[in-house]
Amino acid sequence: GHRLDGGQSPIMMERTFVLLAVLCAVPLVLCDTFESGNGWYYYCTGACSTDVSPPTMGGTVLMGGGTDVDAAYAWMIKRSGGGNFVVLRATGTDAYNPYIYAMGGIASVATIIINSTDGASDPFVIQKVSEAEALWFAGGDQYSYFSMWGGSALQSTVQALIDRNVTLGGTSAGMAVQGQYIYTASAGGVESDQALHDPYNGNISIGTNYLENYLMRHIITDMHFYQRDRMGRTLTFLARVMMPPFSDPLARAISCDEQVAVLVDENGLGTVVTQTTGSDHMAYFFRPTAPPSLCQPNEPLSFPKITVHRSGPGNQFNLRSWTAPDGSGTDYYLSVNSA
């Protein structure tokens with residue numbers, strides 16, 4: 001018969017859960033399932049009880065927020081081998097499920113809302129995440145992801161997906177947690193003018209050691225870039241990563257406008273895709289040529305000659321060589337002067 005428990009052990013079956021609706025009678029037929037437990041909610045569309053385990057290709061998707069970029073999810077589905085697509089979020093709904101499932105070529109799409117540390121260690125949640133062939137961090141509040149999921153069984157399970165070449169990515173707050181360095185927003189947001197005026201503004205909180213993704217080493221990200229005027233704060237984040245306690249001389253930054261995604265394959269080659277075109281739908285890649293000349297508390301930032309590469313739809317950029325192999329995009333320099 002068709003099992004509703006996803007192969008859970010008797011111990012796991014003792015956990016209280018709610019099963020609202022199951023619309024399938026046999027495996028591999030569309031079903032909609034809802035279950036919940038302590039600190040988590042699980043919504044699934046498709047062959048939800050089947051762990052298909054096809055071959056996958058690794059990669060990372062960086063999406064700048066706003067309207068979702070269809071091409072990014074289609075790329076992830078292709079790299080998943082038609083397996084299980086899992087969406088993680090701390091708040092919100094299962095709106096991704098019908099959107100992604102309708103693209104076809106996927107066994108199931110599950111949204112798991114995890115809103116507590118208990119949820120981030122629940123055996124059912126860990127099992128479902130471990131069975132993912134594509135993993136997506138939805139938008140929301142990156143500090144929830146960093147603080148509530150950091151150090152948990154969920155974090156180590158996501159790390160295991162990276163290590164076995166599962167493509168993952170995220171939009172907005174979900175993009176924020178993809179880099180080696182993360183603007184955690186633990187004390188709230190910060191505007192560009194605030195950051196440039198004082199790079200140690202109390203709202204600038206940077207964390208690390210969340211995920212070890214070889215494609216994202218030395219990188220901090222920012223999103224909603226043009227739409228929220230974030231050039232100044234991106235440059236400030238980059239400066240801070242070069243200063244103690246991180247002191248990373250290889251620091252880089254990637255920022256995306258809304259409706260923009262960078263699809264980074266397993267070799268580090270990124271391709272920019274957008275939901276719409278225009279000068280306000282671009283991706284930006286930053287690399288310093290020297291450390292900040294002044295980066296201290298209560299002092300305006302001075303940061304000379306940062307290289308910027310701007311990429312539009314269809315442009316490529318290699319994160320390993322930090323060059324555009326197809327010669328696309330635009331290169332220029334920026335400097336931040338405190339005077």
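These legends accompany several close-up views of a predicted model.

In this predicted model, local features need pLDDT of at least 70 and side-chain atom pairs count only at pLDDT 80 or more, while totals for chains, interfaces and linings use all residues. Residues are numbered from 1 along each chain as its sequence is written, and side-chain values use heavy atoms, with hydrogens and water left out.

**View 1. Phe34 and Tyr41 form an aromatic pair.** Searching the whole structure gives 21 aromatic pairs. Here the ring centres of Phe34 and Tyr41 are 6.3 Å apart and the planes meet at 20 degrees, so this pair is stacked. (Rings of Phe, Tyr and Trp, the last by its six-membered ring, pair if their centres lie within 6.5 Å; planes under 30 degrees apart are stacked, over 60 edge-to-face, and the rest tilted.) Phe34 is buried at 13% relative accessible area, whereas Tyr41 is partly exposed at 34%. (Buried means under 20% relative accessible area, exposed over 50%, and partly exposed in between, using a 1.4 Å probe and protein chains only.)

**View 2. Tyr73 meets Tyr99.** With centres 5.3 Å apart and planes at 80 degrees, the rings of Tyr73 and Tyr99 are edge-to-face. This pair links distant parts of the chain, 26 residues apart: Tyr73 belongs to helix α2 (residues 70-79) and Tyr99 to helix α3 (residues 96-101). (Helices, H or I with at least four residues, and strands, E with at least two, are DSSP runs numbered from the N terminus.) Tyr73 is buried, at 0% relative accessible area, and Tyr99 is partly exposed, at 26%.

**View 3. Two charges sit over rings.** Look for the charged end of Arg252 over the ring of Trp322, 5.6 Å from its centre. Lys305 lies over the face of Tyr333, 4.6 Å from the ring centre. (The criterion is NZ of Lys or CZ of Arg within 6 Å of the ring centre and within 35 degrees of the ring normal.)

**View 4. Strand β10 is covered on both faces.** In β10 (residues 219-222), Ile219 and Thr221 are buried on one side, and Ile220 and Asp222 are buried on the other. Strand β11 (residues 252-256) runs parallel to β10, joined by four bridges; Ile220 has Ala253 as its bridge partner. (Strands pair if DSSP finds at least two bridges between them.)

**View 5. Residues 1-29 have pLDDT under 50.** Across the protein, pLDDT (the predictor's confidence in each residue, from 0 to 100) averages 91. Where pLDDT is low, the predicted coordinates should not be read in detail.

Key
Contact = heavy atoms within 4.5 Å.
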